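I opened my notebook for another model today. Here is what I looked up, in the order I went through it.

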Amino acid sequence: MPSRTRLAVALCCVIFFCMAFALAQPPAANQMPSVIQVPAEAQASPHFDATAATNAYLAQIPAGKTARSNAYFEGGYWMILWDFLYGVVVALLLLNLRWSARMRDLAERVTRFKPVHTFVYWLQYLILTSILTFPITVYEGYFREHKYGLATQTFGPWMGDQMKGLGVGLVLGGLLVMLLFGVVRRLPRTWWIWGAVVTILFSTFTALIAPVYIVPIFNKVTRLDDPKIVEPILSMARANGIPAKDVYTMDASRQTTRMSANVSGFAHTMRITLNDNLLRRGSPEEIQAVMGHEMGHYVMNHIYKGIMFAAIETVLMFACLYYGLGWALQRWGEKWQIRGVGDTAVLPLVVLLVSIWGFVLTPIDNTATRTEEHEADMFGLNTARQPDGFAQAAIHLGEYRKMNPGPIEEFIFFDHPSGRNRIYAAMRWKAENLQLFTVPQPSVEGPAAAAPTPPANVDKK
Ligand SMILES: [Zn+2]
């Protein structure tokens, strides 16, 4: 690296470190009302109206909170663009200043043994690009999150997590590039097919080990033992043929105020995890509604479908990569001092083409995910029968997701249905299953008392 550039990079880092320490302050509160009441319009009655119930729920959110959550989420649209452009600039710098070729030369001086050479190149590449992208990483991951009251970490622990992430990237990324360059060098004509196969198997393997071996690097995962929470969840799991014996929780509050839950892994590493923010702030009805949703992902095989979808995309991406790399190297290969597709110095070009692919496919990927999320929502309503708990969860998730976007906006940017659509779906479900909730009937004799919220376990058929 020329000394001027080195100086600039160092200066950049110093400025950001100083800003980070100056701004490491306790997070500003951006939380939605913690206890969300079932509004009068959403209570079971003979004249229950789904739209009125939805509007009544949305009206519980203070205007200031809506504005803040909209600003955060819409800022995220721009971040997609800035992240993409920033990455393009970094890749072009590495290619045009021939830093990539120089990293290759240096790796060759260390060793000519191909796999180790590839790993040494990867080590340099990962560290250099992490430094170059640090300004946007620290803005997006630290300052922006603090500005909107979503982050709970001060700078030191945040930076610690970044370093851990770098370590994971070093090992897993290093393994993948060694495998891929091995394939490209051995199979110069068909590498795009076998490269795709290797990538799919590698991602599947990573997804398999992640809950047990990667997540615990960042967070403490523990088995939940509160029977009040666990029993209804396991009962729901048994009713749906889910082989879960335990429910897990993790200390997500170490990093964020976001509530969330997930089903991860598959086969023997499959597990249901709800984060401690959901556990702390969600009502029992809300937790069951969320768990019903998560079980939907499992029962409808979303993990396997996700792998299939990613596999198709990966094959298409490698085909584009095959032609894209050939085309670009013919034009600029000599200028960038890249000897061919099997030369490690080609990596920034690969990353550039893959990021263009990912950027263009954003709406398609979001729509694929959103469709599955909608399916899980419907499954969750049928299973948990907690439409009000579900509406409350949608409002809590509105702390970091815009509640009421336009249809095109939702199509392009939303990987989950919008809060409004989720509440409406829940209220429509409630309207069409009112018999499950005790509706006051004044003319009928007997104990038909009004119940504002449904019981924790509704067992009427
Ligand atoms: Zn989901």
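**Entry 1: the zinc site**

I began with the metal and noted that the donors of the zinc ion follow the spacing H-x3-H-x75-E along the chain. Here donors are N, O and S atoms within 2.8 Å of the metal (3.2 Å for Na, K and Ca), and water is not among the atoms, so sites may look incomplete. I then listed the protein donors: His293 (NE2), His297 (NE2) and Glu373 (OE), lying 2.0 to 2.1 Å from the zinc ion. Histidine 297 sits in helix α11 and glutamate 373 in helix α14 (residues 362-384), so to speak a link between distant parts of the chain, 76 residues apart. For these elements, helices (H or I, at least four residues) and strands (E, at least two) are DSSP runs, numbered from the N terminus. Buried or exposed, I asked of histidine 297 and glutamate 373? Both are buried, where buried means under 20% relative accessible area, exposed over 50% and partly exposed in between (1.4 Å probe, protein chains only).

**Entry 2: ground rules**

I reminded myself that this is a predicted model, in which local features need pLDDT of at least 70 and side-chain atom pairs count only at pLDDT 80 or more, while totals for chains, interfaces and linings use all residues. Residues are numbered from 1 along each chain as its sequence is written, and side-chain values use heavy atoms, with hydrogens and water left out.

**Entry 3: the sheet**

What is the order of the strands in the open sheet? I read β1-β2-β4-β3 for its four strands, with mixed pairing; two strands pair if DSSP finds at least two bridges between them. β1 and β3 stand at the edges with a single partner strand each, so one side of each has no neighbour in the sheet. Neighbouring strands of this sheet are turned by 30 degrees against each other on average, direction ignored. Angles run from 0 to 180 degrees between N-to-C directions, with axes fitted to C-alpha atoms, for helices over the stretch in contact. Helix α11 (residues 284-299) packs on the sheet, touching β3 and β4, and its direction makes about 25 degrees with that of β3. Contact means heavy atoms within 4.5 Å.

**Entry 4: strand by strand**

I followed the pairings next.

- Strand β1 (residues 221-223) runs antiparallel to β2, with three bridges, and arginine 223 stands opposite tyrosine 248.
- Strand β2 (residues 247-250) runs parallel to β4, with four bridges; valine 247 stands opposite isoleucine 272, and threonine 249 has leucine 274 as its bridge partner.
- Strand β3 (residues 261-264) runs antiparallel to β4, also with four bridges, and valine 263 is paired with isoleucine 272.

Which way do the β4 residues point? Arg271, Thr273 and Asn275 go one way, Ile272 and Leu274 the other, and all are buried.

**Entry 5: totals**
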